[in-house]
Amino acid sequence: MRQKLTRVIGGVAMLALVAGGAACSSGGEETASGDKCGNKIAFFGALTGSSAALGINENNGVKLAVDKYNKENADCKVELVELDSQGSPDQAPGLAQKAIDDTKILGIVGPAYSGESEAAGPLFSEAGLPTITASATNPTLAQQGWKTFFRAVGNDLSQGPAAGNYMKNVIKADRVFVIDDQSAYGAGLADEVKKVLGSAVVGSDKVQGEGKQTDFSAVVTKAKAANVKAVFYGGYYQEAGLIRKQLTAAGVTAPLVAGDGVNDPAYITSAGQAAAEGTILTCPCQPATEARGTFVEEFKALNGTDPGTYSDTAYDAANILLAGIKAGKTSRESLLEFVKSYSGEGVAASYKFVEGGELDPAQVKVWAFKVQGGKVVPDQEIPKS
């Protein structure tokens with residue numbers, strides 16, 4: 001990400017699409033003639049199942065990026081392949097191998113979730129297939145030595161402390177009960193929150209995610225007995241919604257605070273509007289509706305809905321891959337080198353990758369969102385310290 005290119009994405013200058021010129025259609029590494037212009041990128045994440053809402057948000061952002069690219073490069077289009085993981089680590093290796101075996105797939109936006117990233121990452125690294133996740137935030141993903149892993153958002157070393165500081169400084173919660181779903185993402189995020197809150201954590205428990213548990217009476221009883229001022233949940237929206245509903249039914253009025261895996265309107269559906277009201281949801285991202293340029297209008301025109309959590313970062317991740325293809329980087333090896341050295345502006349953030357494929361920490365923002373009037377609305381940017 002150190003290359004200085006200029007491209008225009010929704011009215012925002014973003015170098016590489018322009019600087020690549022006609023590399024795809026008139027030369028570069030491969031010509032546009034015949035089957036050598038059948039380039040593909042893929043989205044890897046949940047499109048069905050209990051975790052689908054966040055995956056659909058991201059896939060719709062990728063679709064917009066590809067749609068715009070193909071309109072501007074009609075003589076050398078890129079195909080989008082949708083790989084539906086259902087958010088399951090068990091399905092991830094087989095799906096990763098499917099992508100690897102399709103030699104026309106040059107890069108992947110995803111995997112979307114940390115657990116499936118853990119399962120697929122070694123395979124992608126071995127195959128040299130570059131991946132840019134728009135949402136998998138477990139810090140350990142960047143510590144595996146994978147040569148093809150990049151992350152377009154901050155990790156839980158930024159989100160976890162921010163969530164803890166929000167509970168400590170904004171809610172003023174001196175008694176917090178922490179719950180996680182035992183996933184790589186949920187447990188890791190909960191651990192970071194515990195570090196910040198210290199003795200304010202008066203109890204903790206684990207539940208099952210991925211739709212495997214619906215009765216949370218045992219953990220609700222523990223939280224109620226602890227007389228808590230806040231409950232933190234590390235996991236995804238489906239279980240979070242049921243926990244919130246059951247807390248409310250048991251008379252626990254303390255606010256639920258959760259991370260980006262819950263930051264979706266589907267959480268409100270799961271919890272019910274009345275129970276969900278007042279929930280605080282963090283994200284190492286800005287509100288997607290505040291993305292730069294004409295992104296919001298274009299997204300809504302194509303998809304019939306406003307962008308959701310990580311729609312904008314997925315759009316940016318796709319555009320980084322597309323910028324490389326535009327510049328003639330039409331082998332996995334050359335596209336990987338392009339992404340490593342990339343530097344540019346997107347609709348959500350500025351992008352420059354550092355050690356382990358992490359986004360430069362200087363570019364990371366963490367926001368708190370609040371459920372208010374049946375909607376997830378921006379609350380405030382959380383200070384870094």
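Helices here are DSSP runs of H or I at least four residues long, numbered from the N terminus. All the close-ups below come from a predicted model.

**View 1. Val-62, a buried residue in helix H3.** Helix H3 covers residues 52-72, and that's where Val-62 sits. Its relative accessibility is 0%, and buried means under 20%, so Val-62 counts as buried. Leaving out residues up to four places away in sequence, Val-62 touches Ile-41, Phe-43, Leu-80, Val-109, Ala-314, Tyr-315 and Ala-318. Phe-295 is 233 residues away from Val-62 in sequence, yet their C-alpha atoms are 12 Å apart in space.

**View 2. Helices H12 and H13, roughly perpendicular.** Here we look at H12 (residues 295-303) and H13 (residues 311-326), whose axes come within 12 Å of each other. They cross at roughly 95 degrees, and since 65 to 115 degrees counts as roughly perpendicular, that's the label this pair gets. On the H12 side, the contact uses Phe-295, Glu-298 and Phe-299; H13 brings in Ser-311, Asp-312 and Tyr-315. Sorted by class, that's three nonpolar, one polar and two charged residues.

**View 3. Helices H4 and H5, roughly parallel.** H4 (residues 92-101) packs against H5 (residues 114-127) at about 30 degrees, with the axes 8 Å apart. Angles under 35 degrees count as roughly parallel, so this pair qualifies. The crossing of H4 and H5 is right-handed. H4 makes the contact through Ala-92, Pro-93, Ala-96, Gln-97, Ala-99 and Ile-100, while H5 supplies Glu-116, Ala-119, Ala-120, Leu-123, Phe-124 and Ala-127. By class, the H4 and H5 contact comes to 10 nonpolar residues, one polar and one charged.

Conventions
Residues numbered from 1 in each chain as written. Predicted model: local features only at pLDDT ≥ 70, side-chain atom pairs only at ≥ 80, totals over all residues. Heavy atoms only, no water. Axes fitted to C-alpha atoms, helices over the stretch in contact; angles between N-to-C directions. Helix = DSSP H or I, 4+ residues; strand = E, 2+ residues; numbered from the N terminus. Parallel < 35°, antiparallel > 145°, perpendicular 65-115°, else oblique. Contact = heavy atoms within 4.5 Å. Nonpolar A, V, L, I, M, F, W, Y, C, P; charged D, E, K, R; others polar. Left-handed = near helix turned anticlockwise from the far one by under 90°. Buried < 20%, exposed > 50% of the residue type's maximum accessible area, 1.4 Å probe, protein only.
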